[in-house]
Amino acid sequence: MKKKAVTQKLAAMVMTTVLAATTLAGCGNDGGERSPQESSGAQANSGSSENDSEASAENGGQNDENSSWIADEPITVSVMLSDNSQQPKRQDAPAHEEIFRKTNIQLEFQIVPAASYEEKQSVVLGTNNFPDVIYLQNGTKDIVQYGTSGIFEPLMQYVNEETMPNFYKFWQQYPDMKKYLLEGELYAFPVVARDESAAGFGPVIRMDLLEKHDIPIPQTFDELLEALAKLHEIYPDTIPWTGRKGTPQLLATTAYMLGSGMGGRTDGMYYDFDEKKYIFGPASENFKEVLGYLNKAYEMGVLDPEFATTTDEQMDSKLSSGKSLFYLDNSGFGANYTAKLNQIEGYEDARFQVLPIPENSFGNRRAVAYAADLPGRFYAINASAENKEEIIKLIDWLYSREGSDITNYGVEGISFEYGEDGEPHFIEDYVMQFKGAEPSDYYAVFADLGITKLDFCFWAGNTRMGSEIQKITGSWTELTDEYWEIINNDPAYVQPHINPSLTEEEAETVQDILAEVNTILEPEYNKYIMGTEPVDNWDSVIKKCEDAGVRQIEEIYNAAEARANAQ
């Protein structure tokens with residue numbers, strides 16, 4: 001099936017829908033509304049069951065075209081989303097149009113470049129001038145900052161079996177969602193993962209070069225530096241270890257594995273599974289081990305000398321051209337770099353592969369995987385939005401099996417069809433258009449259809465859909481099987497810990513202290529990594545953080561955790 005033919009068929013379907021909507025509205029149609037639960041037969045459990053299969057089969061063969069309509073007359077709902085370089089978004093993506101055809105609600109997207117999204121979000125929330133629905137880039141941090149300001153619609157009034165039957169099932173299934181409550185109120189809807197496999201940050205290396213030069217697979221982080229140093233000696237024109245997004249990302253990806261933690265790229269607070277408590281990573285004694293290790297890598301010539309300023313694009317270029325040999329970040333990127341390298345003469349046998357998490361200087365192997373159930377993506381509703389009743393119904397429908405099938409697979413009969421198992425499956429002719437696409441076949445499909453976790457999807461998949469696409473195009477290889485075997489059998493990985501909600505007073509205190517602490521920390525990191533300051537002097541930085549109140553932040557978080565566990 002050619003892409004042009006697919007597009008023409010989809011356009012015809014959309015035009016038919018628009019004409020039908022206009023005609024029915026003019027006739028005063030009173031039979032188009034049906035609850036999302038009735039139309040989808042949604043099941044909260046992401047695993048397949050006999051009931052799930054029957055419900056999916058029904059979704060794929062509805063006789064009433066308008067059975068899932070939320071409104072008799074077309075309604076427009078505006079949504080602000082962040083764009084993504086791997087998966088660019090567009091207004092007229094097939095899944096977006098199919099949502100309109102199924103619900104009679106047209107989504108009007110405000111797509112903001114990722115690099116400027118945080119700034120744009122801050123402006124629109126600060127001025128209370130934002131669309132009907134907004135993606136909260138900083139997740140719970142944004143909820144704490146803005147939740148009680150009155151700009152977000154309070155949502156607990158809708159969280160019941162009658163109003164939101166599909167979401168309510170997830171609410172009951174995942175008790176940890178209660179940690180999203182701010183002073184007993186819910187201010188944003190969390191995305192729920194669908195059939196996700198839990199990868200995460202991991203060390204990824206040119207395994208073919210280790211084998212070629214008889215370099216043992218590193219079992220410790222010190223052995224990792226030794227291996228990279230040997231590769232640099234053999235290939236002096238390379239930059240062994242590269243990264244992206246500068247120093248904040250370097251620390252966020254490495255700190256926990258090395259024995260401390262960061263929690264995020266800027267906040268410093270993390271939950272330590274060994275200590276079973278919250279710790280402000282940069283103000284801990286163990287953080288000196290992180291800085292010392294990175295300084296050693298820098299002094300050895302192993303770490304990219306431009307680590308503080310590298311971008312996503314620069315990292316991609318270095319790894320996919322053979323210029324760099326190792327990274328520690330999203331380990332799933334390795335397959336894409338391998339595919340690009342294999343197209344270059346002389347690199348046909350090149351192979352990036354994730355390593356089991358090495359042992360750190362404390363004798364521990366530890367890593368935090370990506371969330372397999374609650375990925376930490378949130379959408380808030382503008383308290384001043386019109387048609388809030390319809391918006392709530394739309395979001396509940398997006399949590400249903402039918403809504404999830406569309407927002408993860410696209411349009412039935414064009415990009416997917418239901419199999420004998422009652423589950424959606426991509427259509428081969430559609431997928432094969434994207435064989436060999438950049439940055440990958442699956443991201444190209446996701447972008448073309450407007451689907452999965454990075455788009456407007458509430459019960460959202462990623463790895464399951466990506467693997468199905470790869471198996472169709474042939475890009476799923478033995479290397480991919482080996483990757484998932486390593487990840488799934490590595491006991492070092494744990495699921496992320498959901499942070500507890502803070503009171504308004506606690507949140508203000510944390511925000512005020514963090515503002516001062518980050519002002520202290522930000523200019524310091526690079527001095528210690530580059531060796532212009534000896535690591536032992538970090539004690540003076542810790543003292544400044546303590547004077548600014550960093551221990552009070554730890555006390556607040558640990559008290560909030562105890563409060564949440566007592567519910």
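This report describes the nonpolar cores, a sheet, the salt bridges and the cavities of a predicted model.

## Nonpolar cores

The largest nonpolar core of the model contains 81 residues. Within this core, the residues that touch the most other members are Ile 134, Phe 152, Phe 189 and Phe 456.

Phe 189 illustrates how such a residue is surrounded. When neighbours within four places in sequence are set aside, its contacts include Leu 155, Met 164 and Phe 167. Phe 189 is also in contact with Arg 377, Phe 378, Tyr 379 and Ile 381, and with Ile 392, Ile 395, Tyr 399 and Phe 458. Another core, of 78 residues, lies apart from the largest one; Tyr 278, Leu 319, Phe 326 and Leu 514 are among its members.

An open sheet is formed by 5 strands, arranged in the order 2-1-3-13-4 with mixed pairing. Its edges are strand 2, covering residues 105–112, and strand 4, covering residues 189–190; each of these pairs on one side only.

Strand 1, residues 75–82, pairs with strand 2 in the parallel sense, and 8 bridges connect the two. One of the positions involved is Met 80, whose bridge partner in strand 2 is Gln 110.

## Salt bridges

The whole structure contains 29 salt bridges. One of them joins Glu 98 to Arg 101, with the closest N and O atoms 2.9 Å apart. Both residues belong to helix 4 (residues 94–103), and because they are 3 residues apart there, about one helical turn separates them. Glu 98 has a relative accessible area of 3% and is therefore buried. Arg 101 also counts as buried, at 14% relative accessibility.

A second example is the pair Lys 340 and Glu 438, in which the closest N and O atoms are 3.7 Å apart. Glu 438 is partly exposed, its relative accessible area being 48%.

Glu 524 and Lys 527 form a further salt bridge, and here the distance between the closest N and O atoms is 3.5 Å. Glu 524 is buried, with a relative accessible area of 12%, whereas Lys 527 counts as partly exposed at 32% relative accessibility. Elsewhere, salt bridges with shared partners link Arg 194, Asp 195, Arg 401, Asp 405, Glu 423 and Arg 464 into one network.

## Cavities

Empty space left between atoms can be located by rolling over them a probe the size of a water molecule. The structure holds 2 cavities of 30 Å³ or more, and the largest cavity contains about 110 Å³ of space.

The lining of the largest cavity consists of 13 residues. Those that lie nearest its centre are Trp 241, Thr 242, Gly 243, Arg 244 and Leu 250. Helix 10 (246–254) and strand 10 (324–330) each supply at least two residues of this lining. Helix 10 provides the largest share, with 4 residues.

Methods. Residues numbered from 1 in each chain as written. Predicted model: local features only at pLDDT ≥ 70, side-chain atom pairs only at ≥ 80, totals over all residues. Heavy atoms only, no water. Core = buried A, V, L, I, M, F, W, Y, C linked by side-chain atoms within 4.5 Å. Buried < 20%, exposed > 50% of the residue type's maximum accessible area, 1.4 Å probe, protein only. Contact = heavy atoms within 4.5 Å. Pairing = 2+ DSSP bridges. Salt bridge = Lys/Arg side-chain N within 4 Å of Asp/Glu carboxyl O. 1 Å grid on protein atoms, 1.4 Å probe; cavity = no way out; pocket = protein on both sides within 12 Å on 5 of 7 lines; lining within 4 Å. Points joined across faces, edges and corners; volume = space filled by probe spheres on them.
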